[in-house]
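Colleague: I have a model open on my screen and would like to learn how to read it. Could you walk me through a few features?

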Amino acid sequence: MTLFVIGKPVKHSLSPLIHNYWIKKYQLGLEYKKMEVEKDLLASLVEKIRKGKITGLNITLPYKKDIIQYIDEISHTAKDIGAINTVFLRKKKVYGENTDGVGFTRALEKKTKFKFSNKSIFVLGAGGASYGIISNLIKKKVRKIYVANRTSHKTKQLINFFQNKNKNLNLEFVDWKNLVPTSDVDLIINTTSLGMNENESLEIDTHNLREKVIFVDIIYNPKETKLLKLFKKEGFICMNGLSMLIEQAAVSFELWFNISLNNKDIEEVKKICEASY
Ligand code: ATR
């Protein structure tokens with residue numbers, strides 16, 4: 001039996017490296033592969049899950065939304081985010097979950113002991129990753145979320161999306177051209193793909209920030225984006241996206257196999273990933 005990560009492109013995905021390590025360690029006798037697919041193949045892949053011919057799928061860009069129409073049942077979290085990254089057969093139904101947001105919060109809690117409750121968070125980006133992370137920040141009862149995105153109408157759309165579910169949520173629009181986080185901010189997250197290209201960066205005025213502020217870039221390749229380097233140089237605690245990637249994979253693995261991974265499993269895989277690029 002096999003599991004796949006599907007998307008386009010998937011060439012650089014670290015997911016096979018991560019899952020095959022745990023699959024071997026727990027002697028599951030399976031294989032996890034990557035498959036670059038066109039959109040019109042999604043329905044037949046889901047059908048293979050339904051028939052038990054594929055054990056599980058991870059969905060990556062650009063199909064996290066497109067796949068939903070073929071799924072029998074989706075979790076509250078996935079519904080909240082409007083995107084799925086994990087698929088498997090549960091009680092004879094094809095089930096879809098999204099583990100991205102919880103991967104993010106778990107990674108940060110473990111690495112920095114950060115407590116989300118009552119904190120102010122500054123989020124860059126209003127794409128798929130941002131929805132996943134913000135949905136989990138809300139669950140964690142943060143006090144306030146500032147959101148900025150290059151395309152401002154998408155920032156407004158995101159704020160409306162979450163406030164339509166709960167009008168009391170404290171979400172504030174921030175102009176992309178004037179990024180000056182205020183002194184109440186505890187955590188800054190880059191959820192955009194800005195920085196994947198090593199010469200890309202962004203002007204953020206950090207003069208108001210307290211020294212305990214944490215900066216997280218969900219990009220893991222390059223290991224340090226220009227933005228991360230800038231925050232590091234200024235003495236802030238920084239984390240890249242690799243721990244988040246591994247934690248979201250761990251949650252998928254737990255769903256597929258009902259095996260709880262421990263910190264050693266996570267750390268072993270992290271070392272292997274770090275050495276691989
Ligand atoms: P993902 O699921 O990874 O979030 P996405 O939904 O395509 O992917 O969203 C990409 C995000 O990165 C968006 O917030 C996008 O901003 P726009 O809405 O303005 O496109 C942001 N992004 C990508 N390239 C960027 C760049 N060069 N500068 C600023 N933001 C960028």
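Predicted model: local features only at pLDDT ≥ 70, side-chain atom pairs only at ≥ 80, totals over all residues.

Colleague: Which side chain has an N or O atom 2.4 Å from an oxygen atom of the ligand?

Modeller: For a polar contact, look for N or O atoms within 3.5 Å of each other. Here the side chain of Thr151 has such an atom 2.4 Å from a ligand oxygen. Arg150 also reaches a ligand oxygen, with a polar side-chain atom at 2.8 Å. Ser193 uses its backbone instead: an N or O atom there lies 3.3 Å from an oxygen of the ligand.

Colleague: How much of the ligand's accessible area does the protein cover?

Modeller: On its own the ligand has 640 Å² of accessible area, and the protein covers 73% of that. As for location, the ligand sits in the largest pocket.

Colleague: And how many aromatic pairs are there?

Modeller: The count is 15. To classify a pair, check the angle between the ring planes: over 60 degrees is edge-to-face, under 30 is stacked, and the rest are tilted. Phe114 and Phe116 are edge-to-face, at 80 degrees and 4.9 Å centre to centre. Both of these residues, Phe114 and Phe116, are buried.

Colleague: Why is the pair of Tyr131 and Phe162 tilted?

Modeller: Because their planes are at 35 degrees, with the ring centres 5.6 Å apart.

Key
Residues numbered from 1 in each chain as written. Heavy atoms only, no water. Polar contact = N/O pair within 3.5 Å; in protein donor to acceptor, adjacent residues only side chain to side chain. Areas by Shrake-Rupley, 256 points an atom, 1.4 Å probe, with all protein chains shown as cover. 1 Å grid on protein atoms, 1.4 Å probe; cavity = no way out; pocket = protein on both sides within 12 Å on 5 of 7 lines; lining within 4 Å. Sits in = over half its atoms within 2 Å of the grid points. Phe/Tyr/Trp six-rings, centres within 6.5 Å; stacked < 30°, edge-to-face > 60°. Buried < 20%, exposed > 50% of the residue type's maximum accessible area, 1.4 Å probe, protein only.
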